[in-house]
Amino acid sequence: MPENTAAPAAGSAPHIEFRDVLKRFGDNTVLQGLDFTVSRGERVTLIGPSGSGKTTILRLVMTLEELTGGYIHVGGVPLQYEEKGGKRVRIPDKRRRRTTTDIGMVFQHFNLFPNMTVLENIVEAPIHVKGLSRADAVSKAEGLLAKVGMGEKRDMKPSQLSGGQQQRVAIARALAMDPEILLLDEVTSALDPELVGEVLAVLKDIAAETDISMLIVTHEMQFARDVSDRVMMFDQGSIVEEGPPAQIFSEPAHQRTRDFLRAVL
Amino acid sequence: MNPSTSWWDWSHAAAVLPSLLLEGLKITLIATVLGTLIALVLGLAVAIIRRTAPTAIATPFTWVVEFIRMTPLVVQLVFANLVLSPYIDSTLAIGIWVLGIHYTTYMAEVYRAGIDSVPTGQWEAATALSLPRLRTWRAVVVPQAIRNTLPALGNYAISMFKETPFFVVIYIPELVRVAQNYGSTYFRYTEAITLAGLIFLAASYPTSLLIRKLEKKLA
């Protein structure tokens, strides 16, 4: 079981491990020779200019993008490709899904299912992926909706909700799968400024109350400072520098980090 | 005015109307409803196969679909009747299947557009929830695709209704055939054919208004 520690014990197997990761879109190399690990329970925020490959990293972990080269391991299990007899072999979708069941993702544009009510959105995967009974899934969903302050809206359609409300439902939907890893991809970037706070407050609560490992891409530097154990600065597909938020935000070592922070803060 | 020489005779109109409604319209409606059901179900299946099957299967499959879509319904009716009548007794059944399969190829295109209109984010959300492929289609993609295409599907149903007169070429007693039979028996075509046309109009027009209303509601 993961331990709820800010700085996970050294020596424990990494929760997420990137090994020599290569990702190309056509002729455009987005990530090259990327190595890094995330420990169990650790919260890592990726910062850097747009196009630096941060979102691609999250999408690779969620298997939304196909790895071009290298390996990603989740909890010690190969995710997209494995080495077999000296060859790099693609892992079939069915087996990939066994690994991704423990991974949840919240998107910039919420991506709720518009043909379902709020409640149906949340119980869909617990019932059809985890095999929960409908009654169990519903009672769990109601608990989560109350937690994100959406208890009253369970029978509404996503189109009837504000962006902030939709995003809170999307967070509840991801949590309903009991993820061990949560990927947050610019979850407040599509929101009106006055709605950002309610979503970040929910996420801060979750960070405080659970030991879910998190990989976060955000432009909200205060949020990054509040919840992260580690901040990684990316530029052009590689890590410029990394460290605790206090260090990166207060005394960045690299000029590129300083330039970036000056631009966003 | 002598009724037998005037261009319109109400007594002939009254005489032909019951058989137009009871025989002709009945068969026309049966053919439309069953043909539509076949096209709705097979059309969805074709659209999904073309989208998911490996190229080696999808490509020849596409040729067959295009072949059916690009040849006239009348030719298909005559051909199918020639080939199948030794094995299938009911000409009506042959007609309904030909009509249904012909329109399957149109409806498959409509469904394809509907499937393409489902945003990538929906597929990604399904992947993020680790939903199995089949469940993603059933619970997420197909309901949204159908919602986006309902008006177009309705228009093809009307179009099928109006194409049932082609059944005359294989002697199925639908509306127009019944009218023709009456005409050739009494040598009075005007009333029978006019009434048949009016019956088509009376059924199609309100339906098309309904579909337009639906279209506005979904937009």
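Which element of chain A do the buried residues of H5(B) pack against, together with H6 of chain B? In this predicted model, the buried residues of H5(B) pack against E8 of chain A, and they do so together with H6 of chain B.

**Strand E10 of chain A and its partners**

- Strand E9 (residues 181-185) and strand E10 (residues 213-217) of chain A run parallel and are joined by five bridges; within this pairing, Leu182(A) has Met214(A) as its bridge partner in E10(A), while Asp185(A) stands opposite Val217(A).
- Strand E3 (residues 43-47) of chain A also runs parallel to E10(A), to which it is joined by four bridges, and here the bridge partner of Val44(A) is Leu215(A).
- In a regular strand the side chains alternate between the two faces of the sheet.

**Leu203 of chain A**

- Leu203(A) is found in helix H6 (residues 193-209) of chain A, and it counts as buried because 25 other C-beta atoms lie within 10 Å, where the cut-off for a buried residue is 20 or more.
- When residues up to four places away in sequence are not counted, Leu203(A) touches Ile171(A) and Leu184(A), the latter belonging to the stretch 181-185 that makes up strand E9.
- Leu203(A) and Phe223(A) are 20 residues apart in sequence, and their C-alpha atoms are 9.3 Å apart in space.

**The fold and dimensions of chain B**

- Chain B has eight helices and zero strands, so that its pattern, read along the sequence, is α-α-α-α-α-α-α-α.
- The radius of gyration of chain B is 21 Å, whereas a compact globule of 219 residues would have a value near 17 Å; its C-alpha atoms fill a box of roughly 80 × 45 × 25 Å along the principal axes.
- Of the 219 residues of chain B, 30% count as buried, and among the contacts in this chain with a separation of 6 or more, 78% are made by residues 24 or more positions apart.
- An unreviewed UniProt entry places the feature "transmembrane region" at residues 27-49 and 192-211 of chain B.
- Residues 27-49 of chain B are 100% helix and 0% strand, with end C-alpha atoms 32 Å apart, and residues 192-211 of chain B are likewise 100% helix and 0% strand, with end C-alpha atoms 29 Å apart.

**Where chain B meets chain A**

- In the contact between the chains, 15 residues of chain B meet 19 residues of chain A.
- Helix H5 (120-128) and helix H6 (133-163) of chain B each supply at least two residues of the side of chain B that touches chain A, and the residues of that side divide into seven nonpolar, five polar and three charged.
- The buried residues of H5(B) are Ala125(B), Ala126(B), Thr127(B) and Ala128(B), and these are the residues that pack against E8 of chain A together with H6 of chain B.
- H5(B) is followed by Ser130(B), a residue whose phi is positive, near 60°.

How values were computed
Residues numbered from 1 in each chain as written. Chains lettered and ligands numbered in written order. Predicted model: local features only at pLDDT ≥ 70, side-chain atom pairs only at ≥ 80, totals over all residues. Pairing = 2+ DSSP bridges. Rg over C-alpha atoms; globule rule 2.2 N^0.38 Å. Buried ≥ 20, exposed ≤ 12 C-beta atoms within 10 Å, placed from the backbone. Contact = placed C-beta atoms within 7 Å. Nonpolar A, V, L, I, M, F, W, Y, C, P; charged D, E, K, R; others polar. UniProt positions renumbered as here; feature names shortened; annotations may be inferred.
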